[in-house]
Amino acid sequence: MKCLLLLSALILSSSAIAQTYAIRAGTTIDPGNSQINRQQILVIEDGFIKQIGSQIAIPAGAQMIDLSAYWVMPGLMDAHTHLSLAETSTDTQPLESTYLRESTAYRALRGIRNATILLSAGFTTIRDVGNSGDYAMEDVRRAIANGLFAGPTVIDSGKIIAPFGGQSHDIPPELGRVWTFDYLDADGVAEIRKAVRTNIFYGAGVIKLALDNSAYHYSLEEMRAAVEEAHHAGIPVAVHVYGGEAADVAIEAGVDSIEHGFDLTDPQLKAMKAKGIFLAGTDYPRAHLDKLGTAGGLIPEPSVLAPKIIDRLARAHRLGVRVVFSTDTVDDMPGRTRADMMFDYLSVWRAAGISPLDILKSMTSEPAQLLRVDTTRGHLAVGQRADLIAIPADPVADIENLRRVEFVMKDGRPVRSPSGAVPPLGSRDR
Ligand SMILES: [Zn+2]
């Protein structure tokens with residue numbers, strides 16, 4: 001009976017994407033190959049890009065989508081999100097207040113809401129790196145994957161692994177280990193291996209460790225254990241680290257990405273390049289930093305941090321480090337969606353002197369490699385999943401045009417169109 005139910009669910013969801021589409025695109029951009037072409041036809045079948053070219057015979061029965069006045073490119077990616085978390089870590093409101101006020105279920109609901117907003121804005125793949133209670137983002141990932149909601153492909157870290165104390169400070173002993181709502185305490189090689197396995201068991205697609213948030217940090221031996229354990233399971237390792245000796249340990253251990261990395265020196269960036277380690281720099285714009293303050297002591301003063309971030313991003317790019325768009329947005333500003341706020345980060349990339357085409361790479365083909373989805377996503381190419389967006393103005397001429405996404409296709413299914421937004425329902429609802 002269970003098998004029958006499962007089978008009927010599969011048929012339902014596959015029938016929803018069985019439609020063949022032929023897209024007439026004014027201009028196509030494949031940032032990863034620096035390819036820009038005019039007057040292209042894309043044939044989308046069973047969720048995949050089947051053909052691209054200027055002289056393509058449109059298959060009988062295909063539904064035409066006219067994007068001849070648009071720039072069509074692969075869906076966007078953000079390598080560092082916390083979709084189930086909201087504005088809790090300000091100077092006046094500590095991160096721990098989340099544990100008192102929000103259940104894992106509530107956080108999952110926020111996660112799915114933000115996920116649908118992001119998809120509608122053009123983000124078709126995101127990597128969520130923790131702070132989701134008892135694996136809320138795993139349920140968000142499953143709900144989207146099972147067709148309950150239309151949302152981006154979610155790669156989730158599960159709980160953040162850290163030395164004793166998570167990212168908390170000054171918690172009185174009688175309160176107990178409140179941080180374990182969001183963190184796994186792991187000290188020593190054996191505990192780290194167990195923590196990595198625990199997250200993988202619950203569905204993690206990336207392992208996230210917080211390395212230098214305390215007076216103590218992981219040793220090389222501990223970090224190597226995390227990397228070895230994750231890589232055995234085919235899963236990359238992302239490490240929260242600002243710089244210093246802890247960054248040396250992360251780089252030496254061969255992690256896959258350094259998150260934040262605000263204090264990275266040129267020699268450290270060069271070592272990252274040599275080892276193919278990505279920088280997910282969470283490059284906050286000044287306006288967001290001003291609102292966050294020091295985030296309860298988690299980050300330096302805005303006047304110090306803002307110019308430092310621009311300088312570090314510029315140096316990393318100049319030295320050839322693989323940089324990925326990564327926002328760490330957890331704030332909500334009145335009248336603005338989380339997607340609006342993520343696009344604010346483009347101003348930092350522009351200030352760092354990075355060209356629009358390179359920024360687009362950092363939002364498509366580069367994160368696809370870091371997230372290990374590059375064989376199916378991140379390019380505009382035959383054989384890739386049809387995760388596509390269309391914009392009525394050229395993002396290579398002005399990267400800010402990314403804010404104007406009017407068409408989104410996810411896995412071969414239009415979820416937003418210029419003629420009117422398609423409601424963000426999943427394939428089960430059709
Ligand atoms: Zn973060």
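Is H80 buried or exposed, going by its relative accessibility? H80 counts as buried because its relative accessibility is 0%, where buried means under 20% relative accessible area, exposed over 50% and partly exposed in between, with a 1.4 Å probe and protein chains only. The model is predicted, so local features need pLDDT of at least 70 and side-chain atom pairs count only at pLDDT 80 or more, while totals for chains, interfaces and linings use all residues. Residues are numbered from 1 along each chain as its sequence is written, and side-chain values use heavy atoms, with hydrogens and water left out.

**Zinc site**

- The zinc ion has the protein donors H80 (NE2), H82 (NE2) and D328 (OD) at 2.0 to 2.2 Å, donors being N, O and S atoms within 2.8 Å of the metal (3.2 Å for Na, K and Ca), and sites may look incomplete as water is not among the atoms.
- Along the sequence, these donor residues follow the spacing H-x1-H-x245-D.

**Sheet around β5**

- Strand β5 belongs to an open sheet of three strands in the order β5-β6-β7, with parallel pairing, and two strands pair if DSSP finds at least two bridges between them.
- Because β5 and β7 (153–156) stand at the edges with a single partner strand each, one side of each is left without a neighbour in the sheet.
- From one strand to the next, the twist averages 15 degrees, with axes taken as lines fitted to C-alpha atoms (for helices over the stretch in contact) and angles running from 0 to 180 degrees between N-to-C directions.
- Between β5 and β6 (residues 123–128) there are four bridges, and M77 has T125 as its bridge partner in β6.
- Helix α4 (residues 136–145) lies across β6 and β7 and runs at about 155 degrees to β7.

**Two buried loop residues**

- L264, in the loop between β12 (257–260) and α8 (266–275), is buried at 1% relative accessibility.
- Leaving aside residues up to four places away in sequence, L264 touches residues including Y242, I258, M272 and R315, contact meaning heavy atoms within 4.5 Å.
- L264 and R315 lie 51 residues apart in sequence, with 9.6 Å between their C-alpha atoms.
- D344, in the loop between α11 and α12 (346–351), is buried with a relative accessible area of 13%.
- Beyond residues up to four places away in sequence, D344 touches P285, H288, R336 and R403.
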